[in-house]
Every structure is written in C-alpha cells, then in structure tokens.
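Here is a short report on one protein model.

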Amino acid sequence: MVARHGGAFVLVALCVSGLALRGAGAGERLMPAMYVLGDSTVDVGNNNFLPDCSAECRANYPRYGVDFPTHEPTGRFSNGYNLADQIAQFLGFTESPPAYASLPPERILGQMKTGINFASGGSGLQNQTGKHCGRVYRMTDQLEKFTSAVQMMGNSSYDLISRSLVFISVGSNDLFEYVDGNATLSPNRNDTQFLECLVGTYKSYLQELYAAGARKFSIVSPSMLGCCPTQRFAGAIKKDLDGYRCFGTANDLSRQLYPKLHSMLQDLSVDLAGMNYSICDSAAMAETVLKHAVSPTLNLTVLDTGCCGGAGQSGDGKCTKFASVCPNRDNYLFWDGFHPTQAASAEAAQALVADPGLYVHPINITRLAAL
C-alpha cells in the first residue's frame, strides 16, 4: 500500500507539473479576479501596515524575501513567493493581489476588479486566536472588509464576484494554540467538540461570502502541523512524538479536521445554489511528502529543520536578520519554524491546480476555473 501510494504521488507530480505549465497563456486570465483570506500561509504584507501587530507576527525584515524578485522582505512568511502568489500565477496574474492594508481607500474599488488579499498572519477561525500578535485582521475583520468592498461596487459586482476565486487558507493557528495551551492537558478535553466548533465557524464565514456573491471557493485545510520544526521541538519536550518524530497530538487534530471540513462543504454546496468548491487535504499530502520526499519531481530532502534559524527537534531557532540561512533552499520543506519554503509551497500549488483526486476534492482549481 505504501509503495503504491508513493508511486501514485510521483505520477501525480509528473502530471501536475505539465498541467501547471499550461495554465493561463500570456495575457490570459482563467478567472477575472482572486480574493485571498486566511493566515500567514497566504499573507502578502497586511500585518506590515498594522501598527499594533507584534514583530513576531510580521515578516517585514531580513531574511524573509531573500529569494523574492526584489530580494527584499515583503511581509510574506517565506524566502520568496507563497501559496497565494503561486495560485495567482497559475490563474494568469503576476503574483498575489495586493494586501488590503497597503491600499489607500480610493484604490480599493478599482482593485476589486482583479482582486485583493485580506489575509493576516496570526489569524484563525476563532476571534480569540492570534491575540499574542496584538493587532491582526481576524477572519471576521477580513470578511467585513471584503463584503464592504463588494457593496461599494454596487449592482455590477455580482457577475465579477461569482466568476472569481475566493482562496482561503486558515485554521492552523487555532490548532497551534489549542495544543500549545492547556486544553490538551485537561481531563475534560473534548477534541471533537473543539474541531466541530471550528467547522461551524468556517461554515458561517462561507455563508457570508456566498451572500456577498462568491460562488467559487478553494479551501486549503491545515497540514500536518505537528511536523513544523517548532512543533517537533514542542512534541519532544512533551514526550509526544509520533512515527515521523513529529508532535503527535497536533498531527492527530490535523487529520481529524479535514474530513469534517469536507463533509461541511459537501452539505453546504447542496444547500447553496451555484456554490462550487475545491478542498485540499493538506495533511494527507504532507504525509506523502514525509514518506516519499525524494522522487524524480520532488527533491525536498530536509524535512525536519527550518532553513532560516535552524528550528527543529533540538531547538526553537528564530528566523531573524541575524539568523543563518541554508544555501540549498529548494531542498528544504520549511523556511522557518512554521512556514514552507517557496519550493515546497510551489509543489502544493501544483497539486491544487491539477491533482486528479488524490488530495484535492471534488475538483481541482483548473476545473473550478472552467465552471
């Protein structure tokens, strides 16, 4: 079973690579606009403009951005492009739409015609998530800003919004704070209740986006969070390591959340006429990478250590302007203690746009765009 799964992943990667290269042609866009909501996996600099956001929840300093075209930090929690950029590029844009907070008020209406990124590092599905960051755009803030901008567009908004992509990557921080806090130590701990609360909140957000005119949703479920370098360290301290030498409790929660999210989306798409969605089982995809990292199309050979700062099972290194940086960044799964490298997120983006059904259900973004 394992060998067959690994072979299938190699085949998918080969197919995906070819399809991704055949995304939008020059000057062509597969969707008129892209709207991004979520956390630091897709933030392109909103937190830079929030004065009360703490430094630990910003990425506007070296060594972030070392491989971005400008070689400067942009607010992306990556060495280069992040997942929002890579999906946008497949759709025919040069990169992610700009951060909402970077736009003067008079530009918001015009920018809505091609998209805006509302994502904010540290945010989660729950309003209390990310309080350690100080000021962030909570998901409720992001939705309020999106719906307000749609209302500014007036009656002309429906056709544009309904044909555009709403791309969401959120939920990881809720899980991080749950396992890092005291919840998992409580004798009355109820993981199922916690996860169902997250799913119910997610559902309400999707209903609000639908009411604003959105019809095409791409959802990225949280990955194997216990395998982030910082969480490997946390798992070692708590003596809770699984077979991958990752924080076992965090990985168990990640695995349990995906089917609940998928089931919710299936039911919601029946209830809401015209709603279409694509959801990625990031935990399953990450597990395959952990088992079969070296392949003809995937050469992520360092899976347990952050390239910048060296966070991992032996320590909680920080990615600062003084941190050491690995020279072979394309071989690292993680850029810092939490976030993937540009190379790793590019592999995820290729699966999102062209996976035939192993990890992305019920359709991929290519098919979603064609609807």
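## Overall make-up

The protein has 12 helices and 8 strands. Helices (H or I, at least four residues) and strands (E, at least two) are DSSP runs, numbered from the N terminus. This is a predicted model: local features need pLDDT of at least 70, side-chain atom pairs count only at pLDDT 80 or more, and totals for chains, interfaces and linings use all residues. Residues are numbered from 1 along each chain as its sequence is written, and side-chain values use heavy atoms, with hydrogens and water left out.

Of the 371 residues, 57% count as buried. Buried means under 20% relative accessible area, exposed over 50%, and partly exposed in between (1.4 Å probe, protein chains only). The accessible surface comes to about 15,100 Å². Carbon and sulfur atoms hold 53% of that surface. Areas come from the Shrake-Rupley method with a 1.4 Å probe; for residues, only the protein chains shown count as cover.

Contact means heavy atoms within 4.5 Å. Among contacts with a separation of 6 or more, 71% involve residues 24 or more positions apart.

Six strands form an open sheet in the order 2-1-3-4-5-8, with mixed pairing. Its edge strands are strand 2 (115-117) and strand 8 (360-361), each pairing on one side only. Two strands pair if DSSP finds at least two bridges between them.

## Disulfides

A disulfide is a covalent bond between the sulfur atoms of two cysteines. The cut-off used is a pair of cysteine sulfur atoms within 2.5 Å. The whole structure contains 4 disulfides. With the bonded cysteines numbered in sequence order, the pairing is 1-2, 3-4, 5-8, 6-7.

C57 and C133 are bonded, with their sulfur atoms 2.0 Å apart. The link is left-handed, at -65° about the S-S bond. C57 lies in the loop between strand 1 (34-38) and helix 2 (83-91), and C133 in the loop between strand 2 and helix 4 (139-153), so the pair ties together parts that are 76 residues apart in sequence. C57 is buried at 5% relative accessible area, and C133 is buried at 1%.

## Two links in one loop

C307 and C326 form a disulfide with sulfur atoms 2.0 Å apart. The torsion about their S-S bond is about -105°, so this disulfide is left-handed. Both C307 and C326 lie in the loop between strand 6 (302-306) and strand 7 (332-334), so the pair ties together parts that are 19 residues apart in sequence. C307 is buried at 4%, as is C326 at 7%.

C308 is joined to C319, S to S 2.1 Å. The torsion here is about 90°, so the disulfide is right-handed. C308 and C319 also sit in the loop between strand 6 and strand 7, so they tie together parts that are 11 residues apart in sequence. C308 and C319 are buried.

## Other cysteines

Which cysteine sulfur is closest to that of C228? It is the sulfur of C227, at 7.8 Å, too far for a bond. C228 is buried at 5% relative accessibility. C197 is partly exposed at 40%.

## The T230 site

T230 is found in helix 8 (residues 229-237). T230 is buried, with a relative accessible area of 8%. Leaving out residues up to four places away in sequence, T230 touches A311, D316, G337 and F338.
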